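The structure comes first, and the description follows.

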Amino acid sequence: MARDWEATLRSWVKPPSDNEDAKRDRTEAEIKEALKASSALSDVKYKVYAKGSYANNTNVRLDYDVDIAVECYNFFYYDKEGIGPDVRKAAIAEAAIAPYKGGYTSEAFKRDVEQALVDYYGRSAVTRGNMAMRVREKKTTLPADVVPCFEYHYVYDVDAYGKPVYHQGTRVYKDRGGYIHNWPVQQLAKGIEKNNSTGYRYKRMVRALKRLENELVTKEEISELPSFLMECLVYNVPNTLFNHSSYLADMRGVLGTIFNETLSSGGHKEWVEVSERKWLFRSTQPWTYQQAHELAAVAWNYMGFE
């Protein structure tokens with residue numbers, strides 16, 4: 001019997017159960033308790049929040065790890081790239097930013113966050129990765145990637161009073177050198193805007209594509225791709241291709257757009273992450289447009305589209 005893809009998609013677009021949401025909340029609460037108990041962090045200004053698919057309500061049952069940011073704001077990092085051509089503005093912005101004179105460092109913050117987690121959960125339950133501390137799940141909590149990060153300002157102008165005007169994000173330092181910038185506030189806002197503009201189909205189709213990708217990986221049709229990439233791919237699909245009378249038609253539009261735009265001659269070079277603060281397909285990304293193209297091609301055939 002042929003598979004009823006409309007029924008499958010209708011089950012896939014649903015968010016996870018209330019029980020999983022409760023586990024997410026307990027996971028975040030426990031991590032906050034672990035950090036609060038640390039004497040080394042008692043005088044550090046930081047905030048703790050869920051980010052990624054849980055924060056953006058695009059998580060699915062099989063990708064249930066929760067990303068928890070621990071953002072230090074004792075100080076902030078900044079760049080003035082946006083106003084670089086204007087020497088006068090750049091100089092004004094520089095003068096308005098007070099240098100940090102404290103002795104606390106990014107390395108110390110990462111060390112103190114890791115130790116707080118180890119003290120609370122035990123060494124065997126915490127694994128330090130290149131950018132995050134992996135905390136093992138329990139019966140009442142989810143596995144968590146705890147990401148120590150720092151406030152970051154991308155300064156692009158100065159206002160009438162000489163104060164810097166900037167986009168605020170976070171900087172994450174890698175143990176093996178270098179750093180990346182994330183934009184959780186912008187990602188959340190842009191995701192909500194896209195969802196509202198597509199009759200709430202954007203996030204539903206993200207969940208459906210994630211479930212489809214999981215199934216293709218399980219069947220060894222493709223190699224596993226990051227969950228975040230699914231959110232970004234669907235984000236770049238025009239709003240007019242959502243909100244059809246069926247989810248099957250929406251998925252056809254999503255896969256067709258991804259396939260066509262990730263051809264070598266397609267428009268993928270102009271595609272962006274959900275935050276619209278980073279290009280989706282550039283050399284610094286951990287994925288390629290060819291991988292997205294393969295996903296769309298295999299998924300299209302797997303679902304029987306013609």
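## Residue classes and the model

In what follows, Ala, Val, Leu, Ile, Met, Phe, Trp, Tyr, Cys and Pro count as nonpolar, Asp, Glu, Lys and Arg as charged, and the others, Gly among them, as polar. The model is a predicted one.

## The largest pocket

The largest pocket has a volume of about 1,600 Å³, and its lining comprises 49 residues, of which Met131, Ile180, Asn182, Phe228 and Trp287 lie nearest its centre. By class, this lining divides into 21 nonpolar, eleven polar and 17 charged residues.

At least two lining residues come from each of β2 (66–79), β5 (144–158), β7 (179–182), α5, α6 (201–218) and α7.

## Packing of α5 with α7

Helix α5 (residues 184–197) packs with helix α7 (residues 227–235) at an angle of about 45°, their axes lying 11 Å apart; the two helices are therefore oblique to each other, and α5 passes α7 in a left-handed crossing. On the α5 side the contact is made by Gln187, Lys190 and Lys194, and on the α7 side by Phe228, Glu231, Val234 and Tyr235, a set with three nonpolar, one polar and three charged residues.

## Packing of α5 with α6

Between α5 and α6 the angle is about 105°, with the axes 6 Å apart, which makes α5 roughly perpendicular to α6. Here Gly191, Ile192, Lys194 and Asn195 of α5 meet Arg201, Tyr202 and Lys203 of α6, and the residues of this contact comprise two nonpolar, two polar and three charged.

Definitions and conventions
Residues numbered from 1 in each chain as written. Predicted model: local features only at pLDDT ≥ 70, side-chain atom pairs only at ≥ 80, totals over all residues. Heavy atoms only, no water. Axes fitted to C-alpha atoms, helices over the stretch in contact; angles between N-to-C directions. Helix = DSSP H or I, 4+ residues; strand = E, 2+ residues; numbered from the N terminus. Parallel < 35°, antiparallel > 145°, perpendicular 65-115°, else oblique. Left-handed = near helix turned anticlockwise from the far one by under 90°. Contact = heavy atoms within 4.5 Å. 1 Å grid on protein atoms, 1.4 Å probe; cavity = no way out; pocket = protein on both sides within 12 Å on 5 of 7 lines; lining within 4 Å. Points joined across faces, edges and corners; volume = space filled by probe spheres on them.
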